[in-house]
Amino acid sequence: MAKCERNDVGSLVLNRAAGGGSFRLFSSFSGATFRKKVFAFVRCGGSRNFREDEAPLPLVPEPAQERSEPRRKGSEKLSELLRNSCEGWSEEDGSAEETKRKIEAFEEVKRVVRDLQVGGGVRKSEAAVEVRRRAKEDLEARTTLAMLGAIPPLVGMLDSEDQEYQIAALYALLNLGIGNDENKAAIVKAGAIHKMLKLIESPNEPLNSAVSEAVVANFLGLSALDSNKPIIGSSGAVPFLVRALKNLDKKSSSQAMQDSLRALYNLSILPLNISVILETDLVSFLVSTLGDMEVSERILSILSNVVSTPEGRKAISTVPDAFPILIDVLNWNDSPGCQEKASYILMVMAHKSYGDRHAMIDGGIVSSLLELSLLGSTLAQNRASRILECLRVDKGKQISENYGGSIGSAGVSAPICGSSSSSVDPNLCSKGALEEEEDMMSEEKKAVKQLVQQSLQNNMRRIVKRANLPQDFVPSDHFKALTSSSTSKSLPF
C-alpha cells in the first residue's frame, strides 16, 4: 500500500523517498488503482479539511447497538447535570434562607444593644434581661454582644439605685463572661469590680441577699481568669467573700455558699493573695467548718493552697484543735477526695516543721496513717507513707541522741570512778555503766514495743468496726502472739 501523509494544506503526497525528501505525483490512474488510492487516502485521514468545531461523518455506518450507546450515555450525563443543578438551586435557597435568618438575628441584637446604650427606664432593664437570655447558652451571642458594645452600658447600670436594674445588669454580665476570657477581661477593664463592691458596701442600706449572691457569682466567674486574680484580690473582694460566706451559711442557699468557696479557691491559687486571705479569719472559720460533708472538700482545697506559704502553715497550726480535726478527716473512708487533700496538708506541714510533727503524734496520727496506707486510695497511701517516714526519722534521731548522751556521760565518769579510791576495781565501774546502759536501752525497747502493740491493736479495732463484727470480738491468740513478738522494725513512725 502506498504511504500517505497529510501536509499543511491538506494535499496528498505519495511515495515519499526515504532519503532525498522529494516526491512524485501520479498523473494518470486506472479505475482500480484510483479507487485503491482513494480508499488508502481516506483511511489516512487526509480529506478531513473541516472546522474544528464540527464532528466528522463516519464513512462506514455503525451498527445500531453501537450507535445508541453514546446517545444513552449522553442522556445520562445530561440528567445528572440537571439533577445537580436542581440540588444546587435548593442548596442556594437554603443558604439564602439561613443568611436571611442570621441577618434578622443580628439586627435584633443590634436593637438590644442600642436600647442598652441610648434607652432608659423599662427599655434598658428589658434589654439587660434580653442580653442575659441570649448569652446564657449561646457562645456566639456572647461574642457578638460584646463586639457591639454591650458591656460598658451594663457596667454603667450598676450605678443605679434600683435593685432590679442592678440584678439584671449583674446576671447579664455574668452570662457574658461564661466561657469567654476576652469578655471577662473587658468586664474588669470597664471597672465592674469596684462598682460591684460599692453595691454591697453601702453603709446606709442593709445588704440585699439577691444582690450579694449575684456579686458573688460574678466574682466566681471573673476570678477564673489568671490576669483578673491580682486585681480582684487587691480590690477588697476577699473580706467581702469571707463575710458573705459566713452570712450565706445562715441565710441563703447552699449554691451561694459553694460559689463563695470556689471564688476564694480561685483567688488562693495566686500566692500574692494568700497574705490578703490571712488578714481575715477565714482559716479558723474553714477549720471549724470541717465536718460538713457538703463543703469539706472545697474547704480542704483552699487550705491546700494556703499551706503552700510559711505564713499559711503558721496560721493553720495556731488554730485550736487544727491537727486533731485534720487527722479525723483521714478516717473519712467514704470521701477519698477529702482524705487525699487532708493528707497533703499534713504532709507539707510535717515536712516543714518539727513542732508540727510532734503535734501530729500527740493528736494520734500514727494509727490513722497506718490505716490510710492500707485502705486509702493510691495517692492517699503515698502521702501517708511519706508522713510516716518523716515521723520515723524524727524518732530515730531522738533515740540516737539519747544513746549518745548516755554513752558520753559514762565515758566522762569512768576516770572519776577509777580515781575515787584505789581499793575499788575499775572493772566493777565499767560493768555498772554497761548495766545502766542496758537498762536504758531496754526501757527504750519497751516503750517502742508498747507503741507498736498499741498501734496494731487500734488498727485491729478499726478493721473489726469496718467489718461490722460484734463489739465483744476478742482477737485470737495468734494475733496476740504476733503483736507480742513485734520488734522495733515494725515501728510505724
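The legends below describe an overview and close-up views of a predicted model.

The model is predicted, with local features requiring pLDDT of at least 70 and side-chain atom pairs counted only at pLDDT 80 or more, whereas totals for chains, interfaces and linings use all residues. Residues are numbered from 1 along each chain as its sequence is written, and side-chain values use heavy atoms, with hydrogens and water left out.

**Figure 1. Overview of the chain.** The chain contains 23 helices and two strands; helices (H or I, at least four residues) and strands (E, at least two) are DSSP runs numbered from the N terminus. Of its 493 residues, 35% count as buried, where buried denotes under 20% relative accessible area, exposed over 50% and partly exposed the range in between (1.4 Å probe, protein chains only). Among contacts (heavy atoms within 4.5 Å) between residues at least 6 apart in sequence, 66% join residues at least 24 apart.

**Figure 2. Packing of helix 8 against helix 9.** Helix 8 (residues 192-200) and helix 9 (residues 209-222) have axes 10 Å apart and pack at an angle of about 155°. Axes are lines fitted to C-alpha atoms, for helices over the stretch in contact, and angles run from 0 to 180 degrees between N-to-C directions. Helix 8 and helix 9 are therefore roughly antiparallel; angles under 35 degrees count as roughly parallel, over 145 as roughly antiparallel, 65 to 115 as roughly perpendicular and the rest as oblique. Their crossing is left-handed, a term used if the near helix is turned anticlockwise from the far one by less than a right angle, and right-handed if clockwise. Ile-193, Met-196, Leu-197, Leu-199 and Ile-200 of helix 8 meet Val-211, Ser-212, Val-215, Asn-218, Phe-219 and Leu-222 of helix 9. These residues comprise nine nonpolar, two polar and no charged; Ala, Val, Leu, Ile, Met, Phe, Trp, Tyr, Cys and Pro count as nonpolar, Asp, Glu, Lys and Arg as charged, and the others, Gly among them, as polar.

**Figure 3. Surroundings of Ser-223.** Ser-223 is found in the loop between helix 9 and helix 10 (229-233). With a relative accessible area of 0%, Ser-223 is buried. A polar atom of its side chain lies 2.7 Å from the backbone oxygen of Phe-219. Apart from neighbours within four places in sequence, Ser-223 is in contact with Lys-229, Ile-232, Ala-263, Asn-266 and Leu-267.

**Figure 4. Packing of helix 12 against helix 15.** The axes of helix 12 (residues 254-268) and helix 15 (residues 296-306) cross at roughly 15° and come within 9 Å. The two helices are therefore roughly parallel, and helix 12 passes helix 15 in a left-handed crossing. Helix 12 contributes Gln-258, Leu-261, Arg-262, Leu-264, Tyr-265 and Ser-268 to the contact, and helix 15 contributes Arg-298, Ile-299, Ser-301, Ile-302 and Asn-305. By class, five of these residues are nonpolar, four polar and two charged.

**Figure 5. Crossing of helix 16 and helix 18.** Helix 16 (residues 310-317) and helix 18 (residues 336-352) have axes that come within 11 Å and cross at roughly 105°. Helix 16 and helix 18 are therefore roughly perpendicular to each other. Arg-313, Ile-316 and Ser-317 in helix 16 meet Val-348, Met-349 and Lys-352 in helix 18. Three nonpolar, one polar and two charged residues make up this contact.

**Figure 6. Position of Val-118.** Val-118 belongs to helix 2 (residues 64-118) and counts as exposed, at 65% relative accessibility. Its C-alpha atom is separated by 9.1 Å from that of Pro-153, 35 residues apart along the chain.

Key:
Polar contact = N/O pair within 3.5 Å; in protein donor to acceptor, adjacent residues only side chain to side chain.
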